[in-house]
Amino acid sequence: MRSSNDHSVGNLLIRNARIWTRPGAPISQPRDVWVRNGRIEAIESSLDPSEGVPELDVNGRVVTAGFWNCHVHLTEPVWRGTSIEARRRQQDALDDMLSSRGFSSVVDLASPPHTTSSLIHQIETGRLRGPGVVTAGVGILPQRGTPFYIKADVPWFLRWKLPKPATASGARRAVAAQVRGGAGVVKLFTGSYVTPDRVKPMRHDVARAAVTEAHRHGLRVFAHTSDKAGTEVAIEAGVDALAHVPDSAEGTVPLLEDAARRGIRVVPTLHMFAATVRTDDDYLQPLYESLRSFVGAGGRVLFGTDVGYMRDRDTRGEFQAMEHSGLSVDDILRSLTVEPAEFFGDETAGTVEVTNRADLTVLDCSTNSPAGSDLADVHATIRSGEVIWQRT
């Protein structure tokens, strides 16, 4: 691993890359990409090598902008500890869970802050190789609204620390505490499964106050909605994104169409529902139809898998579910690249263009017409000009 004062950090010459500049654009003939100080400086048919600069020959493989996963969790025991052995396990986990899936950036939607902040610090200081991580800290819950499925993971004597504001002023304090703790986004459980069959909604005034406070700090707000009532609260409060399609889908399609018109994004996480709840069509088809209706109303999608909560780390199932819901491969690529960059106001990411940050995903394919499943076959992941993972 290179130190921060090494002249080659963020410098890279990528050879023979077939560039998929943005969704909808044709894939180029092989080009060389010169990266300097973490930014794309030139894209040409042939570039002269520069002494001391590492080269990566991708042999005609397709290169896209770096992928985002906008719904992950860093809650597993592997993320605890800072010893050499702990870091070795964490590096293996980062590679398997995130970097080998093409993710140069991820959004952590609620994990223990002490372990998450330590992991972020180790990545940013070069002790670990991994994607950039934006974290929500812990999620903000409805009063007496702890989800049943986290009770097994959170000891009873720590549950009281989870923010469950009962008033608007309490919501503002909860968001301010998240900001002080380093949160880059805020997550609200506007609908929380307190039992497998009962959803507790957040009070409207509490949700509105939390969103207003988060926006005052310049943070985006994600909502875990669960059902119709939770979705109504989220939309009325003015959240920026829904962390899932509501899995209790009855009555939610008109709400999702309204969300689309308001510019609220959706992170579908369709495969997570199949992997952790049920696989029958009676349960899954309404979720696919919800996403189809949202997109048909002009809704914009952010890719996310809920990995960390869901144990399946392969992205192929989510790509297939999105295609089943009517999204094209360009739509899916947009959800992985352009949409999250625009959502977070990052004008230097999302496309493969000169002056942009060199966050890149190298696909293990060389066709002019990739399918959705090809997005799951990753050869290498590059973050700010550094190869953070490569298939061997």
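Helices, in the sense used here, are DSSP runs of H or I with at least four residues, numbered from the N terminus. The views below all show a predicted model.

View 1. Taken along the principal axes, the box that the C-alpha atoms fill is roughly 65 × 45 × 35 Å. Of the 392 residues, 56% count as buried, and among the contacts with a separation of 6 or more, 71% are between residues 24 or more positions apart. The chain exposes about 16,200 Å², and carbon and sulfur atoms supply 48% of that area.

**View 2. Helix α10 and the glycine that comes just after it.** Helix α10 covers residues 316–324, and its buried residues are Gly317, Glu318, Phe319, Ala321 and Met322. The elements that cover these buried residues include α8 (270–276), α9 (281–296) and α11 (329–336). Just after α10 comes glycine 326, which takes a positive phi of about 100°.

**View 3. Helix α11 and its buried face.** The residues Val329, Ile332, Leu333, Ser335 and Leu336 of α11 are buried. Seen down the axis of α11, these buried residues fall within an arc of 160°, so they line one face of the helix. An α-helix has 3.6 residues a turn, so residues three or four places apart point the same way. What covers the buried residues of α11 includes the strands β5 (62–65), β6 (67–72) and β7 (103–108), together with the helices α10 and α12 (338–343).

**View 4. Isoleucine 27 in its loop.** Isoleucine 27 lies in the loop between β1 (12–19) and β2 (31–36). Its relative accessible area is 11%, and because buried means under 20%, isoleucine 27 counts as buried. When its neighbours within four places in sequence are left aside, isoleucine 27 is in contact with Arg18, Ile19, Trp20, Val62, Thr367, Asn368 and Pro370. One of these residues, valine 62, is 35 residues from isoleucine 27 in sequence, while the two are 7.6 Å apart in space, C-alpha to C-alpha.

**View 5. Alanine 234 in helix α6.** Alanine 234 has its place in helix α6, which covers residues 228–237. With a relative accessibility of 0%, alanine 234 counts as buried. Leaving aside its neighbours within four places in sequence, alanine 234 is in contact with Thr190, Ala223, Thr225, Val239 and Leu242. Between alanine 234 and threonine 190 there are 6.1 Å in space, C-alpha to C-alpha, although the two are 44 residues apart in sequence.

View 6. Threonine 355 is found in the loop between α12 and β15 (360–363), and although it is not a glycine, threonine 355 has a positive phi of about 85°. At 52% relative accessibility, threonine 355 counts as exposed, because the cut-off for exposed is over 50%. Serine 384 lies in the loop between β16 (378–383) and β17 (386–390), and its phi is near 50°, a positive value in a residue other than glycine. Serine 384 has a relative accessibility of 26% and counts as partly exposed.

Terms used:
Residues numbered from 1 in each chain as written. Predicted model: local features only at pLDDT ≥ 70, side-chain atom pairs only at ≥ 80, totals over all residues. Heavy atoms only, no water. Buried < 20%, exposed > 50% of the residue type's maximum accessible area, 1.4 Å probe, protein only. Contact = heavy atoms within 4.5 Å. Areas by Shrake-Rupley, 256 points an atom, 1.4 Å probe, with all protein chains shown as cover. Helix = DSSP H or I, 4+ residues; strand = E, 2+ residues; numbered from the N terminus. Arc of directions from axis to C-beta.
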